[in-house]
Amino acid sequence: MADARDLYRRMRLIRTFEDTVQSQFQQGNVHGTTHLYSGQEASGVGVCSMLRDGDKVAGTYRGHGHALALGVSPQKLMDELLGRASGACGGRAGSMNVVDVEHGLIGCFGIVGGSIGAATGAALTQKLRGTGAVAVAFFGDGTANQAYFHECLNWAQVERLPVVFVCENNLYMEFTPIEAVTAGAIAARPMAMGIPTQKVDGNDVFAVREAAGEAIDHARSGRGPAFLETLTYRFVGHSRSDPGRYRKPGELDAWKGRDPLVLARRALAEHWGVEPERLDEIDAEVAGELEEVVARGLAAPFPDPAAGGREFA
Amino acid sequence: MSGGDGVETIEFRVAVREAIAAEMERDPAVVFFGEDVAAAGGVFAVTPGLRKRFGERVFDTPISELALAAGAFGAAVTGLRPVLEIMFADFLPLAMDSLVNQAAKYWYVSGEQAPCPLVVRSAMGAGGNFGAMHSQTPVPWLQGVPGLKVVAPATAGDAYALLRAAIRDDNPVAFLEHKRLYSVVDPVSEVETLPLGEAAVVREGGDVTLVSVSKGVRDCLRAAAELAERGIDCEVVDMRSLRPLDTATVLRSVAKTNRVVVVEEGPLIGGWAANLLGILTAEGLHDLDDAWTITCPETPIPYSPTLEDAFLPDPARIAAEVTTRLGLARAPAG
C-alpha cells in the first residue's frame, strides 16, 4: 500500500461500501443495526497500511472500515451484512462482530472496550512466542472511560506488550459530546502510565501513516505499547437510528470541508501530481465494484437453519 | 503420598498444580497467569514452584480481572492455551464481558474460523466463613452461556484428570475448585484425562439417586453411608461438568431407582439443580416416583458460623430429607 493512490482507493472503497450499506439497510436487506465508518476512513486505512503480515487487529462495532482497511473481501463483508451463508462468518456475526482470521482481523467487538482487551491478549501471544508481530486495538473516544481501557493499558505497559492502542476520537460518545463525560484529556491517561502517546489529524491519511509508523515501530521493538489518538469525525449518526441532532450548528459542514477523501485528493494533486480525472476513475471503478458486490450478495443463499452449528469446537 | 493400604494418594491442591505442570511440559503453548500465582504461589498455595519450573510462561498480574480474562481470550485466539486463575469465583463478574461476550461466542459467531482454548480456574464455595463476597458458587452465572464449558471436580484424582482435559480442550472452560476441597487427600487418578461433559456413577444403589457436583458429591457419599445403615440403598452421581450437562447418565440412574434428589450449594431459583430436575421430569417422568432438590436459602451467604452452617446443605440434612421422602422417617434405626 505504499502507492498513495492505493490509500485513496481504499478510503473510497470504505466510503462507498458504507453508503451502500446505508442504502441496503433502508431497503430492508441489511438487518438489525449498523454503525458506519464514513468520515473516519483515514484513521483505519492509515494505520493498517503500516502493518505487516502476521500482525493482529481488533476492531469495533464501527468496524466495516477496519475490516476493509485490512484487506477483508468487500464481497464477504457485504454478504455477512446481508445475512448470507457466503458471509465472512457465514451470517452468524452480522455488522458488529465480524472476524476474519485469514486477514489478521481477530474480531470486531460489539461492546465498547472489547477490542482493547482482545488486542492486549493477542500481544501477549506475540511477546511470549517472540514472533515480532504487533497487535492493534481500534476504539472510540467513549472507550477511554471503560475498565478495559485502564486495566489493559496498565497491564500492557508493565508487561511491555507489543500493542498499539488507536483511539479514534470522533468527538461524540454515541449521542453525547465526549467532553461532557470525560475528565481531562484522553491522551493524558496513557501518558500518565509512561506510554508513548501521539495526537494526530485523523482525517489526513498521510499524517496518520507517519504517526502509526512510529507507534508500530515502538511496539515491534519490544519497548511496550504505544498510543495514538486520531482526531476525526463521523459524517453519519452513531447508529442507523440516529439523525445526529446533537451536533453543534455548522459542525458537520466544517468537518465535511476536511473530508479525508478531499484532503487526500488535494495531497495527491499537490505532492504526487495525480490528476483529478485519475481519481474520478478510481471512484467510478469502486462504485461499479460495489454494484456487483451487492448484486451477487442479494443473489447468494441465506444460511440453512437445518445445517445448525456446533456449540463447541 | 501413600495411604495405609498402599494406594498412592495426592492432596487436591497438589493435583491441580501437577495437572498444570504436566500440560505445560506437554505443550509449550500453555501459559499460566493470575494475581499472586507466580512468586507467591497463590493464596490457596496451589501453584508454588511453577514459576521456577516454567519461567516467563508463569507470571503475576495486576488486580484487573477484566483485562486478565480478555488477555486470555486474545491469547487463546492467536495461538496460546492460557490458564488463568481468578482468585475467588466471586470475582468472576468482573471478568464476565470477556468470558461471556468474547470467549464463549468466538467459535460459533466467527463461523467456526478459530477455537478459543482457555481455562479459567477459580476457587469457589462456602464453609470457611469468608462472607457473602468470597463464598459463592458461580454456576448460575456461567451455566446458561452456550460456548462455555463448566467443570467442578469432587476429588483430587478427578481434579487432575479433568484439568488436564480442560487445558487440552479447544473451548473456554471454567474450572471451579471448591475451597473446602484443597486439603483433601484422595487416590491419584488412574487416567491422564477424563472427558468433559460426562457424569460418573460413584456409588451404585437401587433406592434413590443422589446427584451433585464438587464438594456436594462428598456430602452425598457421606449421607449415603449413613442411609445404608438405615437400610436405604443410594446411588450417587457426580456430574463432574455442568455444561455440557450429562443428563443421560442421570436418566439411566433414575430409570433404576425411580427417585432423585439433586443437591446444589446455591439458590434454588436459577440454579443448576432445578434446571436438571426440569430436564429429568421432561424426559423421564415415566420413571419418576419422587424428585426434589436440596439447595440454599434465597439470601446472600452469611458470615457467622452458626448462620453459615445452617445455610449450607450437609450430609445430615441430605440423609434426613431422603429418609423423610422415602416415608421411613419414623422407622426404627437398623
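In this predicted model, a polar atom of the B:S189 side chain lies 2.7 Å from the backbone oxygen of B:V191. The pair falls under the rule for a polar contact (a pair of N or O atoms within 3.5 Å; within protein, one must be able to donate a hydrogen and the other to accept it, and residues adjacent in sequence count only if both atoms are side-chain atoms). B:S189 sits in the loop between β8 (185–187) and β9 (200–203) of chain B. Helices (H or I, at least four residues) and strands (E, at least two) are DSSP runs, numbered from the N terminus. Leaving aside residues up to four places away in sequence, B:S189 touches B:G157, B:Y160 and B:A161. Contact here means heavy atoms within 4.5 Å. B:V213 is 24 residues from B:S189 in sequence, and their C-alpha atoms are 18 Å apart.

The conventions are as follows. Residues are numbered from 1 along each chain as its sequence is written, while chains are lettered from A and ligands numbered from 1 in the order in which they are written. The model is predicted, so local features need pLDDT of at least 70, side-chain atom pairs count only at pLDDT 80 or more, and totals for chains, interfaces and linings use all residues; side-chain values use heavy atoms, with hydrogens and water left out.

Chain B is divided into domain 1 (9–187) and domain 2 (200–325). These bounds come from an automatic or database domain assignment. Taken over C-alpha atoms, the centres of the two domains of chain B are 26 Å apart. Their contact takes 33 residues from domain 1 and 26 residues from domain 2. The area buried between the two domains is about 2200 Å², and carbon and sulfur atoms give 53% of it. Buried area is the accessible area (1.4 Å probe) that two parts lose on being put together, summed over both. In domain 1 of chain B, the residues that lose the most area to domain 2 are B:N129, B:Q143 and B:A154, together 27% of what that side buries.

Two salt bridges are counted between the domains of chain B. A salt bridge is a side-chain nitrogen of Lys or Arg within 4 Å of a carboxyl oxygen of Asp or Glu. B:D186 forms a salt bridge with B:R218, with the closest N and O atoms 2.9 Å apart. On the side of domain 1 that touches domain 2, the elements giving two or more residues are α5 (139–142), β6 (149–151) and α6 (156–168) of chain B. The largest share, three residues, comes from β6(B). This side divides into 16 nonpolar, 13 polar and four charged residues. Ala, Val, Leu, Ile, Met, Phe, Trp, Tyr, Cys and Pro count as nonpolar, Asp, Glu, Lys and Arg as charged, and the others, Gly among them, as polar.

Between the chains, 34 residues of chain A are in contact with 44 residues of chain B. The two chains bury about 3200 Å² between them, 62% of it on carbon and sulfur atoms. A:R92, A:W155 and A:F312 supply 21% of the area that chain A buries against chain B, more than any other three residues. Three salt bridges are found across this interface. In one salt bridge, B:E112 pairs with A:R310, and the closest N and O atoms are 3.8 Å apart. On the chain A side, β2 (105–109), α5 (114–129) and α6 (147–158) of chain A are the elements that give two or more residues. The largest share, 10 residues, comes from α5(A). The chain A side divides into 18 nonpolar, eight polar and eight charged residues.

Some backbone features of chain B follow. The peptide bond from B:R243 to B:P244 is cis, with omega near -5°. B:P244 lies in the loop between β12 (241–243) and α8 (247–257) of chain B. B:N129 has a phi near 60°, a positive value in a residue other than glycine. B:N129 is placed in the loop between β5 (119–124) and α5 of chain B. B:N129 counts as partly exposed because its relative accessibility is 28%. Buried means under 20% relative accessible area, exposed over 50%, and partly exposed in between (1.4 Å probe, protein chains only).
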